[in-house]
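The following questions and answers concern a predicted model.

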Amino acid sequence: MKIQIENLDKIYKNGKRALSDINLEIENGMFGLLGPNGAGKSSLMRILVTLMKPTNGKVNVNGFDLMKDRGEIRKMLGYLPQDFRFFTKLKTWEFLDYAAGLSGIISKKTRSEKVDEWLDKVGLFDVRERSANKLSGGMKRRLGIAQALIGDPKIIVVDEPTTGLDPEERIRFRNILSEISQHDVIIVLSTHIVGDISSICQNLALLNNGNLEFKGSPEELIHKTKGHVWQVNTSGFEYEMLKEKYAIISTIPSEDGWEVQLVGNQLEARDAIEIEPNLEHAYVYFMEYLTNQNGF
Ligand code: ADP
C-alpha cells in the first residue's frame, strides 16, 4: 500500500490556511501525524478519507486518484474520527453489524461471525446486548475502533485515538493497532501526545501551523536533538532564569532545589549535564526552537 501526497494545500472558506504545500509518502505500517492543536492534522485526515477536498494538490492511493476515484478509495478505508458519536439506539452488536454492512459484507452469516470476532477483540462481547450509546467512554472508543476495522480496510485513519482513554485502555488500543499493522495495511494515526507515537510508529510527520516540519523515523527526529537536552541541579534565581530562557521538560524537587530537564540550543548554567534525548525532548525542542528558525 502507498499514499502519495503532493503539493497539498487547504484553505478554508474563511481564508484560514490549514495546510501549506504538504508533500508526503506513506507506506505500509504505522504512521504518526504529530503536532499541537490547530496544526492541521484533522484537515489532512479529512482529506485522506475523502470527506473534504483540498484547495490544491494531489493525493494518490495505490494508483487511485483521491479526487477522481473516491468510490474505490472509500472501499479501502476505515476511519475513526476524533468525535466519534452514536446517534442511534442500536445495541452494541447491531451497531457493528450495521457497520459491517456498510463496509460491503453482504452475507448475514459472515457479518455475524465478524461481529462476534470484533466484539471479542475489543473486549465488548459481554456488553453486546447493551445499547451502544449507554456504553462508557472507553467502551465507545473501542466500539469506534471495531466499526472502523470490521471491513478489513487497507487504509486505517484514526484521529486523536487515545483522547479520554485511561492508561490501560490506551495500551489495549495501541496493541490492537500494532497487531493489525503487521499486515499489508497503512495506519495513519494523528495525535498531540508523543507517547502515542513513540512505541508504535515506524515513521512520523510533524505538522505545525499547516506546515510539514519533519518527516522520518522517530529515531531520526531524536538524533537531531542530540546535544540539546540537559539536566541541571538548580535553585533560586538561576531556576527562574532557566525557566525564562529554555523549555523545561521536567522539574523534580532535589535536596537543595530542583533537578530540571530542559532543551535549548546552548546552555548557560553551572553543573549542567547533557542527557540522551527521547522523542518527547525532540518534539519539544523542535516546536520551541526550530520552527522559529530555518528548520533542520
Ligand atoms: P488539528 O487537527 O491539528 O488540531 P485542524 O486541522 O483541526 O488541526 O485545524 C487546522 C487549522 O484550521 C486551525 O487553525 C483550525 O482552527 C482551522 N480550521 C479547522 N477547520 C476549519 C473550518 N471548517 N473552517 C475554518 N477553519 C478551520
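Q: Which residues lie nearest the centre of the second largest pocket?
A: In this predicted model, the second largest pocket has a volume of about 220 Å³. Its lining is made up of 14 residues. Those nearest the centre are W118, D152, I180, H183 and V185.

Q: Which element supplies the largest share of the lining of the second largest pocket?
A: Two elements, α4 (108-121) and α6, each supply at least two residues of this lining. By class, the lining of the second largest pocket has 7 nonpolar, 1 polar and 6 charged residues. The largest share, 4 residues, comes from α4.

Q: Which residues lie nearest the centre of the largest pocket?
A: The largest pocket holds about 720 Å³ of space. A total of 25 residues line the largest pocket. Nearest its centre are L77, Y79, A99, L102 and Q147.

Q: Which element gives the most to the lining of the largest pocket?
A: Of the residues lining the largest pocket, 13 are nonpolar, 7 polar and 5 charged. About 720 Å³ of space lies in this pocket, and the elements that give two or more residues to its lining are α2 (70-76), β6 (77-80), α3 (92-102) and α5 (137-149). The most, 4 residues, is given by α3.

Q: How many residues of the lining of the largest cavity are nonpolar?
A: The count comes to 1 cavity of 30 Å³ or more, and about 30 Å³ of space lies in the largest cavity. Its lining consists of I3, L48, V59, V61, L66, I73, L77 and I155. No polar and no charged residues are found in this lining, and the nonpolar residues number 8.

Q: Which strands stand at the edges of the open sheet?
A: The sheet is formed by 4 strands in the order β2-β1-β4-β5, with antiparallel pairing. An edge strand has a single partner strand, so one side of it is left without a neighbour in the sheet. The strands in this position are β2 and β5 (64-65).

Q: Which residue in β5 is the bridge partner of V61?
A: Strand β4 (residues 56-61) pairs with β5 in the antiparallel sense. This pairing extends over 2 bridges. In β5, the bridge partner of V61 is F64.

Q: At about what angle does helix α1 run to β1?
A: Helix α1 comprises residues 41-48. This helix lies across β1, β2 and β4. Relative to β1, α1 runs at about 120°.

Q: Is N7 buried or partly exposed?
A: N7 is found in strand β1 (residues 2-11). Its phi is near 45°, a positive value in a residue other than glycine. With a relative accessible area of 40%, N7 is partly exposed.

Q: What is the relative accessibility of D21?
A: D21 has its place in strand β2 (residues 17-27). Phi of D21 is near 50°, a positive value in a residue other than glycine. D21 counts as partly exposed because its relative accessibility is 45%.

Q: Is R174 buried or exposed?
A: R174 belongs to helix α6 (residues 167-180). Not counting residues up to four places away in sequence, R174 touches G195, D196, S199 and I200. Buried means under 20% relative accessible area. At 17% relative accessibility, R174 therefore counts as buried.

Definitions and conventions. Residues numbered from 1 in each chain as written. Predicted model: local features only at pLDDT ≥ 70, side-chain atom pairs only at ≥ 80, totals over all residues. Heavy atoms only, no water. Buried < 20%, exposed > 50% of the residue type's maximum accessible area, 1.4 Å probe, protein only. 1 Å grid on protein atoms, 1.4 Å probe; cavity = no way out; pocket = protein on both sides within 12 Å on 5 of 7 lines; lining within 4 Å. Points joined across faces, edges and corners; volume = space filled by probe spheres on them. Nonpolar A, V, L, I, M, F, W, Y, C, P; charged D, E, K, R; others polar. Pairing = 2+ DSSP bridges. Contact = heavy atoms within 4.5 Å. Axes fitted to C-alpha atoms, helices over the stretch in contact; angles between N-to-C directions.
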